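Hi there,

Here is the structure I promised to pass along. Have a look, and my notes follow below.

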Amino acid sequence: PAAQPDVTLNLHDLSFTYPGQPLPVLHDVTLTIAAGEHIALLGRTGCGKSTLLQLLTRAWNANSGEIQLNGQPLNAYDEATLRAMTAVVSQRVHIFSNTLRENLRLAAPQASDEILKNVLQQVGLDKLLENEGLNAWLGEGGRQLSGGEQRRLGIARALLHQAPLLLLDEPTEGLDAETEQQILALLRQHCRGKTLILVTHRLYGLEHFDRICVMDGGQIVEQGHHAVL
Ligand code: ATP
Ligand code: MG
């Protein structure tokens with residue numbers, strides 16, 4: 001694989017209002033994230049966590065303020081470069097009506113079956129291989145995945161992507177506590193040296209993150225290590 005650049009992020013005074021909505025969802029969010037830093041973005045439902053991640057993937061543009069990636073404005077990157085640098089697991093993982101193989105290869109078109117099977121095992125989805133292996137049909141007309149299975153498939157894609165920046169929106173939501181801890185440990189190991197932002201509702205289990213940023217009402221209201229929050 002090609003050498004991967006470290007990723008730093010600078011969010012400066014970001015404000016954002018959804019089109020047609022009366023009130024802003026993000027207010028003056030300023031955050032500097034160092035290369036290889038692991039950040040947990042914590043906060044109640046509706047506080048703006050997913051919106052902030054969506055600004056980082058350019059799904060939306062901030063109304064004011066700026067995002068810089070490695071010192072360059074996010075808007076200066078072409079789409080292909082940005083996609084190659086960023087692995088995203090959104091809050092609702094999209095499963096395509098296709099084989100398990102193709103659902104995974106989306107993230108890594110060149111990955112061998114062996115690599116795909118290995119990553120399924122890592123995220124605890126190897127039972128999906130039981131009958132038809134990687135040819136199992138998912139989505140419409142095929143196997144319907146549970147919410148937790150969908151999320152783990154999203155994590156499998158993110159692991160396959162090999163990007164230096166990972167943006168994960170509640171990837172362990174709905175998993176039991178033990179599976180959640182296994183997945184967090186797996187992510188920690190995979191993301192060593194990579195920049196990670198993980199959105200979550202729960203402070204529990206975040207001791208290994210470098211920093212926890214607490215959001216409320218569209219702002220970052222507190223940040224620090226697990227031990228001090
Ligand atoms: P959760 O923990 O429930 O996922 P969140 O912190 O991710 O919440 P966001 O999804 O960022 O919250 O939403 C922040 C606010 O923006 C909410 O009030 C939500 O209703 C609103 N919102 C989200 N998406 C849109 C949209 N596409 N159009 C208008 N308003 C939206
Ligand atoms: Mg959300």
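Asp28 lies in strand 2 (residues 26-33), where strands are DSSP runs of E with at least two residues, and helices are runs of H or I with at least four, both numbered from the N terminus. Asp28 has a positive phi of about 45° although it is not a glycine. Most residues other than glycine have a negative phi. Asp28 counts as partly exposed because it has 14 C-beta neighbours inside 10 Å (buried takes 20 or more other C-beta atoms within 10 Å, exposed 12 or fewer, partly exposed lies in between, with C-beta atoms placed from the backbone).

Asn70 also has a positive phi, near 50°. This residue sits in the loop between strand 4 (64-69) and strand 5 (72-73), and with 16 C-beta neighbours inside 10 Å, Asn70 is partly exposed.

A word on conventions: this is a predicted model, in which local features need pLDDT of at least 70 and side-chain atom pairs count only at pLDDT 80 or more, while totals for chains, interfaces and linings use all residues. Residues are numbered from 1 along each chain as its sequence is written, and chains are lettered from A and ligands numbered from 1 in the order in which they are written.

Now the fold. The chain has 6 helices and 12 strands. An open sheet with mixed pairing is built from 6 strands in the order 6-9-10-3-11-12 (two strands pair if DSSP finds at least two bridges between them). Its edges are strand 6 (86-89) and strand 12 (219-224), each pairing on one side only. Within the sheet, strand 9 (residues 165-169) and strand 10 (residues 195-200) run parallel over 5 bridges, with Leu167 opposite Ile197 in strand 10.

Of the 229 residues, 35% count as buried.

Finally, the ligand. Around ligand 1 there are 13 residues, of which Tyr18, Thr45, Lys49, Ser50 and Thr51 come nearest (a residue is near if its C-beta atom, placed from the backbone, lies within 6 Å). The shell has 3 nonpolar, 9 polar and 1 charged residues (Ala, Val, Leu, Ile, Met, Phe, Trp, Tyr, Cys and Pro count as nonpolar, Asp, Glu, Lys and Arg as charged, and the others, Gly among them, as polar).

Best wishes
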